[in-house]
Amino acid sequence: MNNFEFKNPTKIIFGKDSIAKITEEIPTNANVLLLYGGGSIKKNGIYNQVKTALKNFEVTDFGGIPANPEYAILMDALQVIKDKNITYLLAVGGGSVIDGTKFLAAVAVYKGETPWDILTQNIKTEKGMPFGTVLTLPATGSEMNSGAVITREETKEKLAMGGPGLFPQFSILDPQVVKSIPQRQLANGLADAFTHVLEQYMTYSVDAKLQDRFAESILQTLIEIAPTVLNDTFEYKAASNFMWSCTMALNGLIQKGVPTDWAIHAMGHELTALYGIDHARTLAILTESHYQFNFESKKEKLAQYAERVWNINEGTVDEKAHAGIKKTTAFFKSIGINTKLSDYTNDYEGTAEEIAKRFTSRGWLGLGEHQSLSPDKVKEIVEMAY
Ligand code: NZQ
Ligand code: ZN
């Protein structure tokens with residue numbers, strides 16, 4: 001096992017009717033900016049629950065943060081923070097609203113001139129403006145980690161940021177919010193969380209037995225609950241397992257002491273930036289080709305995954321590993337997610353060259369757990385995903 005340090009300061013408040021507990025978490029003298037997305041919270045009652053909980057607080061609303069949180073809109077929110085002397089941010093939404101809020105928590109205390117530099121120069125925020133979250137969509141794990149991904153339509157860029165000062169102070173996880181989530185987003189949540197685990201697991205063994213089994217158990221739970229979560233009838237038990245699995249998939253725990261990959265995400269963000277494809281679907285597009293391309297260096301772990309997660313006990317290491325890849329693609333398809341770029345756009349010619357060019361210009365010359373995926377290899381993987 002590799003050396004590691006682990007600190008996760010986010011307080012999780014999990015369970016039925018927990019939104020009312022916001023009141024106990026925000027300082028009474030706070031001047032709160034309530035951030036949300038395109039309006040789903042007004043239809044499903046979450047907005048009213050939050051407003052009721054905040055009735056004794058000074059609160060300004062900022063709605064309209066889109067999926068793949070947009071820099072220009074966040075700059076409008078920054079102006080509100082300055083104009084209203086906001087001291088506390090409350091994100092009510094999925095990964096996009098929470099990520100947008102993290103960016104604002106960083107920018108609100110940033111001394112530099114151009115906030116976008118935080119993304120291009122990878123500036124880590126040691127202490128941001130304090131914020132909490134009410135999660136409305138299990139998927140990203142953003143509710144319990146310190147990372148964010150911000151989009152800029154003007155330049156068709158999507159870049160990651162973060163830092164130890166960007167963990168939410170608290171996150172409210174009420175599985176009842178799952179009731180109003182559309183099928184497309186439920187499938188996205190399942191696929192995103194599944195891939196988060198894969199990115200931290202499908203590398204090479206350092207004999208970290210507990211981390212491996214944490215990862216496998218999250219994958220098994222997601223596979224088990226997926227049909228019930230996607231069923232039209234809401235089921236609280238499945239929703240709560242779904243929600244906690246998504247959080248645990250990316251709150252830092254399973255990646256401690258083990259090598260991680262994250263190349264699928266790096267390439268996937270470019271597909272969202274270029275074509276607006278939902279984050280989770282970009283991952284499903286790239287996973288099979290990434291594992292096929294890197295088969296030799298990942299096959300031991302692929303075979304272990306096939307055995308332990310999919311119960312494939314027959315065959316050689318190579319055969320099991322190939323079967324594991326096929327099972328993964330079949331899982332994405334079983335939840336209604338297509339796995340080829342051409343399923344999403346007819347305009348895919350040249351995508352691989354463009355992504356390789358972008359990685360080269362950013363100096364991203366070696367992705368993956370071995371830092372060996374050079375832009376020319378990235379180009380091949382993306383081409384295989386057409
Ligand atoms: O905007 P509203 O109207 O709220 O609707 C949203 C949005 O259209 C809707 N929704 C959310 N909760 C709902 C609901 N609809 C009905 N009922 C509810 N309870 O769902 C749509 C998608 O929301 P979004 O927040 O964009 O989805 P998700 O949570 O999948 O977040 C995706 C973003 O997170 C980033 C992605 O790149 C993408 O930008 N990620 C963040 C990560 C992190 N911070 O750790 C890691 C991930 O790998 C990912 O990159
Ligand atoms: Zn993701």
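Which domains does the shell around ligand 1 draw at least three residues from? Keep that in mind as you go; this is a predicted model.

**Stop 1: ligand 1.** Select ligand 1 and the 33 residues around it. Gly38, Gly95, Ser96, Asp99 and Lys158 come nearest. Now color by domain. Domain 1 (11-176) and domain 2 (182-384) each give at least three residues to the shell.

Stop 2: Zoom in on the oxygen atoms of ligand 1. A backbone N or O atom of Gly38 sits 2.7 Å from one oxygen atom of the ligand. Next, show side chains. An N or O atom in the side chain of Asn68 is 3.2 Å from a ligand oxygen atom. For the side chain of His279, the distance from an N or O atom to an oxygen atom of ligand 1 is 3.0 Å.

**Stop 3: the cover.** On its own, ligand 1 has 960 Å² of accessible area, and the protein covers 88% of that. Then select α5 (95-107), β6 (147-152), α7 (183-201) and α10 (263-275); these elements each give two or more residues to the shell. Color the shell by class: ten residues are nonpolar, 20 polar and three charged.

**Stop 4: strand β5.** Select residues 131-135. Are the five residues of β5 buried or exposed? Five of the five are buried. Phe131, Thr133 and Leu135 point one way, while Gly132 and Val134 point the other way.

Stop 5: Val134 stands opposite Ile172 in β8.

Terms used:
Residues are numbered from 1 along each chain as its sequence is written. Chains are lettered from A and ligands numbered from 1 in the order in which they are written. This is a predicted model: local features need pLDDT of at least 70, side-chain atom pairs count only at pLDDT 80 or more; totals for chains, interfaces and linings use all residues. Side-chain values use heavy atoms; hydrogens and water are left out. Buried means under 20% relative accessible area, exposed over 50%, partly exposed in between (1.4 Å probe, protein chains only). Helices (H or I, at least four residues) and strands (E, at least two) are DSSP runs, numbered from the N terminus. Two strands pair if DSSP finds at least two bridges between them. A residue is near a molecule or strand if one of its heavy atoms lies within 4 Å of it. A polar contact is a pair of N or O atoms within 3.5 Å; within protein, one must be able to donate a hydrogen and the other to accept it, and residues adjacent in sequence count only if both atoms are side-chain atoms. Accessible areas come from the Shrake-Rupley method with a 1.4 Å probe; for residues, only the protein chains shown count as cover. Ala, Val, Leu, Ile, Met, Phe, Trp, Tyr, Cys and Pro count as nonpolar, Asp, Glu, Lys and Arg as charged, and the others, Gly among them, as polar. Domain bounds come from an automatic or database domain assignment.
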